[in-house]
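Reader: I am new to reading protein models, and I would like to go through this one step by step. Could you show it to me first, please?

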Amino acid sequence: MTASDRTLADRASASAAVSRRTALTLGGATASVVALAACAPGASTPPAAEAPPAEPTAVGSLADLPVGGTASAELGSTPILLSRPAEGEVKAFSAICTHQQCVVSADFGCPCHGSTFDASTGEPTEGPAMQPLPEYQVTLDGDTILVSA
Ligand code: FES
């Protein structure tokens, strides 16, 4: 290790120590910010966990979901999101955000920390969420949208 390396290492160590102190000092403030975010207007939390029905369940009508549109719905007591990327194609996803389980809005944006999801795939398009929204099976019975977990 050269003198120059030690200096950099010492600086990094000192910086890490300051960062740790800062993090500890701000720990309470961070917890408060997180608590506020959970209580912020528009933020929502999921209902008590209950498995969505496995059998096809009517959740809406094609008439209420135009091509290119998105909507919120419920599968049993589970909040879900619907999208209609093309005329004969409807997608359904869990509306429970994969970041910290807030309920994602009908526009596929999470009100808690700003994650956004692709309405056709459920993949995150903006963090902090890293995982896609789980997808459910969709079948159509005439104009009726049926979803099963
Ligand atoms: S819960 Fe954090 S972005 Fe959705």
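Reader: What percentage of the 149 residues of the chain count as buried?

Author: This is a predicted model, in which local features need pLDDT of at least 70 and side-chain atom pairs count only at pLDDT 80 or more, while totals for chains, interfaces and linings use all residues. Residues are numbered from 1 along each chain as its sequence is written. A residue is called buried if 20 or more other C-beta atoms lie within 10 Å of its own, exposed if 12 or fewer do, and partly exposed in between, with the C-beta atoms placed from the backbone. By that rule, the buried share of the 149 residues is 23%.

Reader: In what order do the elements of the chain run from the N terminus on?

Author: Helices (H or I, at least four residues) and strands (E, at least two) are DSSP runs, numbered from the N terminus. The chain has 1 helix and 8 strands, and read from the N terminus on, the order is α-β-β-β-β-β-β-β-β.

Reader: Which residues make up the covered face of β8?

Author: In a regular strand the side chains alternate between the two faces of the sheet. In β8 the uncovered face holds Thr-144, Leu-146 and Ser-148, whereas the covered face is made up of Ile-145 and Val-147.

Reader: Which residue in the turn between β7 and β8 has a positive phi?

Author: The strands β7 and β8 form a hairpin with 2 residues between them. In that turn, a positive phi of about 65 degrees belongs to Gly-142.

Reader: Which residues touch the most other members of the largest nonpolar core?

Author: A nonpolar core is a set of buried Ala, Val, Leu, Ile, Met, Phe, Trp, Tyr and Cys residues joined through C-beta atoms within 7 Å. The largest one has 25 residues, and the elements that give two or more residues to this core are β2, β3 (78-86), β4 and β8 (144-148). The members that touch the most others are Ile-80, Leu-81 and Val-104.

Reader: Which residue of β4 is the bridge partner of Ile-80?

Author: The strands β3 and β4 pair in the antiparallel sense over 5 bridges. Within β4, the residue that bridges to Ile-80 is Ser-94.

Reader: Is Phe-108 buried or exposed?

Author: Phe-108 is found in the loop between β4 and β5, and its phi is near 65 degrees, a positive value in a residue other than glycine. Two residues are in contact if their C-beta atoms, placed from the backbone, lie within 7 Å, and Phe-108 is among the contacts of Leu-81 beyond four places in sequence. Because 22 other C-beta atoms lie within 10 Å of Phe-108, this residue counts as buried.

Reader: What is the phi of Gln-101?

Author: Most residues other than glycine have a negative phi, and most peptide bonds are trans. Gln-101 lies in the loop between β4 (89-94) and β5 (116-117), and is partly exposed, with 13 other C-beta atoms within 10 Å. Although Gln-101 is not a glycine, its phi is positive, at about 70 degrees.

Reader: Which residue does a cis peptide bond join to Gly-127?

Author: The omega of this bond is about 15 degrees.

Definitions and conventions: Two strands pair if DSSP finds at least two bridges between them.
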